[in-house]
Amino acid sequence: MRTPLFKLLIVAPLFAFTLSASAQDKPARLEDVPAPPPIPAGVTEEDFEPQVTIVKRGEDVVEEYRAHGKLYMVKVTPPHGTPYYLVDRRGDGTFEHITGEKPLSVPMWVVKSW
């Protein structure tokens, strides 16, 4: 007699939960996300992509990354060993040496410049 009572104690809350979940309101009719605005005049899609220049210096392969004509990152791949990066995080021409596959990039924005 204990087994049916135990099963009833387990099944009853589960049954009540499924009834309460099915009684919830259904979401209203969802609408499609609007299309993004067009790109402003005078701006092309190429302005958003970095320019990458690949140069071989000695045995090293050097990739220079530029945005709007300004050098912001250099990736140096030696023939033996792992690649390393030189990154200009502040935009002042001072490059930091970073090792590893991808540089850690903390979000930084220019609030005001003179």
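**Rings and strands**

Author: Searching the whole structure, which is a predicted model, turns up 1 aromatic pair.
Reader: OK, which residues form that aromatic pair?
Author: Tyr65 and Tyr72. Their ring centres are 6.5 Å apart, with 55° between the planes, and the pair is classed as tilted.
Reader: Why give both a distance and an angle?
Author: Because a pair of aromatic rings is described by the distance of the centres and the angle of the planes.
Reader: And is Tyr65 buried or exposed?
Author: Tyr65 counts as buried, because its relative accessibility is 16% and the cut-off for buried is under 20%.
Reader: What about Tyr72, what does that one count as?
Author: Tyr72 has 29% relative accessibility, so it counts as partly exposed.
Reader: Switching to strands. How many bridges join S2 to S3?
Author: There are 7 bridges, and the two strands run antiparallel. S2 covers residues 60-67 and S3 covers residues 70-77. Val61 sits opposite Thr77 in S3.
Reader: What's in the turn between S2 and S3?
Author: The two strands make a hairpin with 2 residues between them. His68 is in that turn, with a positive phi of about 55°.
Reader: Then which strand does S3 join through 4 bridges?
Author: That's S4, residues 84-87, again antiparallel. Here Val76 stands opposite Tyr84 in S4.
Reader: How many residues lie between S3 and S4?
Author: This hairpin has 6 residues between its strands. Gly81 in the turn has a positive phi of about 115°.

Methods: Residues are numbered from 1 along each chain as its sequence is written. This is a predicted model: local features need pLDDT of at least 70, side-chain atom pairs count only at pLDDT 80 or more; totals for chains, interfaces and linings use all residues. Side-chain values use heavy atoms; hydrogens and water are left out. Two strands pair if DSSP finds at least two bridges between them. Rings of Phe, Tyr and Trp (its six-membered ring) pair if their centres lie within 6.5 Å; planes under 30 degrees apart count as stacked, over 60 as edge-to-face and the rest as tilted. Buried means under 20% relative accessible area, exposed over 50%, partly exposed in between (1.4 Å probe, protein chains only).
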